[in-house]
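Visitor: Hi! Could you walk me through this one?
Guide: Happy to. Here it is.
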Amino acid sequence: MTKSLVTLTIDGIEVSVPEGTLIVDAAKKVGIDIPVFCYHPKLHPVGMCRMCLVEIGRPARDRSTGEPIFDEDGQQVIHFGPNLETSCTTPVGEGWVIRVNSEKAREGRKQIVEYLLTSHPLDCPICDKGGECPLQNLTMEHGPGTSRFLFDEKIDLDKHVPLGELIFLDRERCIQCARCVRFQEEVVDDPVLGFTNRGRRLEIITSSDPGFDSYFSGNTTDICPVGALTTADFRFGARPWELNRAASICPHCPVGCNLTLNTRREARAEGRDVIKRVMPRQNEHVNEIWICDKGRFAHHFASSIERLTKPMVRVNGDLVQVGWDEALVRATEGLKDALGRSKGGLVGIAGGRASNEDLYVFRRFIEGLDGHTVLDDNLAGGDLTREMGVGRGTDLGQIGPGDVILVIASDLHEEAPIWWLRLKQAVERGAELIVANARATRLDRYAAHIIRYPYRRAVQTALGLLHAVTKRADLSPFVGDKSLQKVAKLFMKAENAIIFYGREGLDYKASEALAQACASLLTSTDHVGRANNGLIAVWPRVNTQGAWDMGLQPIPSGLGEILEQASAVYVMASDPVADDASLETLLREDTFLVVQELFMTPTAELADVVFPARSFIEREGTYTSGEHRVQRFYPAVLPLGGTKSDWRIVTSLANAMGIELNFPSAAAVMLAIAESVPNYSDLTYQALTIAESQWPHVGGESLYFGGNAFKNSQGLGVQVGPAAEPGEPSEVALTMPVEESEEDGLLLVPITRLYDRGTTVLPSKVLHPRLERLHIELNPKDASHLGVIDGAQVEFRMNGKRFQLPARLVATVPEGIALMPRSLGVSVVNPIPVQISSVE
Amino acid sequence: MRKNPLELLRGLWTTFRSMLESPVTYQYPEIKRPVRERFRGRHELKRYENGLEKCIGCALCAAACPADAIFVEAAENTDEERYSPGERYASTYEINLLRCIFCGFCEDSCPTEAIVLEQNYEVSFTSRRQAIYTKDLLLVPVPTNGRQTPMKVPPGSFERAVPEMEDAK
């Protein structure tokens with residue numbers, strides 16, 4: 001696979017680079033900047049802007065013999081062509097001599113800049129890119145200073161063209177480099193942008209409805225070398241040089257994209273620091289230089305005015321604001337009193353939104369009071385991903401020929417867009433992708449094999465695959481068809497294999513069985529304990545993996561039973577009542593309920609004591625991504641009001657309750673974690689801040705090259721390895737699925753949509769036009785049986801409640817199934833049969 | 001020490017003479033001495049003749065300010081509510097006059113000649129809060145025949161933020 005090296009000389013510096021490297025990249029690697037506009041290291045070169053012109057000299061050869069020509073001194077004669085050539089489209093050649101800064105090349109660039117500016121409006125003072133603009137910088141460096149073109153001949157074009165709700169186009173500023181068009185086509189395969197017309201009238205248009213319909217649209221503003229594309233969120237928000245920056249981790253999904261938060265003090269926010277924009281921070285192992293639009297735009301929840309700022313206690317049935325001391329006393333007394341009673345003990349419920357530090361301290365606290373910790377989540381298998389998760393050094397960017405990826409029961413494009421992107425790119429490099437799901441998803445188009453199973457038969461399918469591999473006799477009831485055999489063969493001969501499993505159409509127990517089957521498939525084909533091999537769960541929250549690692553796990557039977565026994569309940573970063581309204585009565589009774597939260601959630605409304613917690617932008621901590629990469633986030637703004645970090649609230653209360661939990665800082669909690677959690681044994685905050693130099697160069701001096709994504713100097717994180725060692729075939733206990741009897745009516749299956757209406761998304765008004773509306777998706781055939789047309793209202797009863805909502809007819813929905821996107825207003829936790837009827 | 005009585009008389013003569021001269025002092029604040037043309041006094045935010053604000057909220061003044069005395073927040077104009085030509089206007093414009101050193105860099109950096117250090121030197125306050133001059137204090141009154149901002153304008157009539165420039169001579 002290793003390519004042979006080619007040696008050439010660029011401006012007197014000798015460079016050896018792999019064959020096929022472009023001159024512009026070779027120069028960048030030795031620190032010589034060749035200015036570019038249309039070239040981008042993550043896109044195919046097109047040579048449209050002509051900014052990268054250089055003089056290329058090739059060794060002269062005798063025409064008749066083909067032999068190299070030498071001069072009197074024995075030096076090889078270098079022949080320079082008459083014209084300048086584009087260094088971004090020309091791969092290097094042996095013995096070439098490149099002149100980047102010669103008189104001729106400089107003159108060429110000067111004229112290109114002059115030409116690019118013929119109709120540029122030069123409205124840098126009001127341009128959002130002003131101050132971090134490649135065109136501005138390169139004009140200062142290479143431009144002529146004056147123009148021979150007449151000012152009056154500039155043409156006026158539209159300056160305010162909404163390509164969609166999120167991205168605006170300024171046609172005058174566009175220099176027609178097509179980076180955005182090519183990004184949409186090549187990188188994310190959403191070819192919704194295009195060029196129309198010619199010459200100076202050339203225009204970027206969107207061909208989708210709604211406009212610019214892509215989950216990755218914000219990235220085009222980062223790679224746009226001028227201010228032609230701006231986001232609705234940051235438009236005229238601030239000048240780039242006024243912004244402070246803090247490294248962070250995206251809190252929306254288990255990918256754990258690296259972010260830089262740009263903040264500024266604002267009069268509009270009454271003098272508080274606010275996040276002005278969210279930018280990607282380069283981490284080639286995780287998100288490269290991209291982030292999805294949810295990560296970019298759904299940050300407003302952290303600065304929402306709805307946030308809780310003061311502790312509250314219940315007085316005569318109402319929650320009233322009090323100081324921290326009083327609230328802590330109330331919580332301590334309440335807990336002691338409740339635990340003193342004969343009835344059951346303490347239950348601590350935590351969610352995957354909390355950081356590792358919070359969850360570790362939380363478990364120590366709850367267990368110190370002989371309570372039970374529960375992770376509020378309905379996807380199982382965290383123990384298996386801990387044992388058989390991807391090995392140290394796993395990088396989805398390195399998956400290629402000979403490697404196999406299986407994605408089962410998950411719609412990655414909606415649940416974890418950057419994973420979707422990384423898998424798509426893996427397929428383009430030559431990896432084989434197998435997608436198993438009950439319905440068609442956006443990942444299907446890259447799949448070498450598509451396994452389609454009926455909802456409720458995901459586990460059987462996985463076991464069938466396992467049977468095809470192991471031929472275990474006890475799995476014979478699950479023997480699948482020929483395609484399954486093919487996939488099994490692929491798995492057996494794969495160099496590396498990774499399985500992503502999700503929870504679509506599964507309840508907790510089924511997801512556990514699925515995780516076991518997947519883990520077993522990996523162990524029996526020896527795909528564990530090594531880099532680029534292992535099991536990844538598509539967790540619903542950012543740090544669910546961390547929660548399992550910290551020793552929390554869900555209760556298979558649900559929260560109802562354990563809450564009935566409890567006399568006191570402590571809830572951190574979780575809202576169980578919103579998911580399951582039936583818990584309300586259990587918590588309302590004589591249970592003492594303490595909640596620490598960002599918002600007044602339905603659970604917090606039932607609480608006896610509510611503590612206001614800090615959001616991820618106001619504190620430090622670590623999240624563990626689905627790929628087992630522990631990454632650190634830093635405080636970006638001053639904390640809101642009287643809020644405290646979750647782990648600090650827990651330690652204050654623990655100390656008041658007589659449990660020794662003293663940590664001076666989050667870093668100290670991490671040291672304690674390293675001592676007690678085996679996989680995390682060598683982790684410290686210092687280790688998490690190590691950042692090596694990455695290719696391609698972005699930001700800062702390399703704005704023009706890699707775009708405006710931020711360079712990562714605050715840490716790439718550390719991937720903690722799984723417990724399993726390579727070649728150690730550990731037996732995974734399998735749970736055999738229970739055949740469920742077919743019931744009448746349709747099976748209502750909850751699915752995930754990226755733009756839902758959850759608490760962390762809704763406060764971002766900029767996303768509102770794109771948010772999914774409450775609806776139910778039906779197969780057109782089922783709909784015609786029910787007499788329902790597209791958009792008509794339907795009703796059904798679930799758990800004794802009646803729901804009425806509009807129906808959408810979607811051909812990809814399997815027959816007998818109704819899909820319900822999560823977090824839109826109707827909570828469906830597990831698949832449930834319902835009788836749907838049309839509303840007259 | 002002997003004293004020359006003539007010396008004494010000469011001194012007194014100066015005194016008596018100046019008693020008869022007209023005074024050189026100005027009776028400030030009743031009478032104000034004109035300042036030099038390029039005097040740098042308190043800032044003003046100028047308007048165009050039609051009443052539109054010249055300031056486009058670009059914050060270059062704030063960037064140029066060595067004392068960090070200026071704070072600008074921008075927002076987007078619409079044709080329904082137009083403050084300035086072009087897309088951007090200053091929704092907040094504050095100068096902390098206790099910090100200002102009246103160097104005039106803000107004036108130099110302004111691409112639209114919106115901020116001008118005018119001739120008013122009578123700047124006094126009784127609290128630090130008062131020292132912060134907000135946009136409504138800095139903006140000059142609407143010229144005659146002009147309209148108050150925000151104004152409603154026909155769509156597409158004020159698209160250029162930076163005024164028309166002449167060709168280089």
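Predicted model: local features only at pLDDT ≥ 70, side-chain atom pairs only at ≥ 80, totals over all residues.
Visitor: Which residues of H8(A) are buried?
Guide: Among them are Leu359(A), Tyr360(A), Val361(A) and Phe362(A).
Visitor: And what comes just after H8(A)?
Guide: Asp370(A), with a positive phi of about 60°.
Visitor: New topic: what order do the strands of the open sheet take?
Guide: The three strands run E27-E28-E29 in chain A, with antiparallel pairing; a pair needs at least two DSSP bridges. E27 and E29 of chain A stand at the edges with a single partner strand each, so one side of each has no neighbour in the sheet. Helix H8 of chain A packs on the sheet, touching E27 and E28 (contact means heavy atoms within 4.5 Å).
Visitor: What about Val630(A), which residue is its bridge partner in E29(A)?
Guide: That is Val718(A).
Visitor: How are residues and chains labelled, by the way?
Guide: Residues are numbered from 1 along each chain as its sequence is written, and chains are lettered from A in the order written. Local features need pLDDT of at least 70, side-chain atom pairs count only at pLDDT 80 or more, totals for chains, interfaces and linings use all residues, and side-chain values use heavy atoms, leaving out hydrogens and water.

How values were computed: Helix = DSSP H or I, 4+ residues; strand = E, 2+ residues; numbered from the N terminus. Axes fitted to C-alpha atoms, helices over the stretch in contact; angles between N-to-C directions. Buried < 20%, exposed > 50% of the residue type's maximum accessible area, 1.4 Å probe, protein only.
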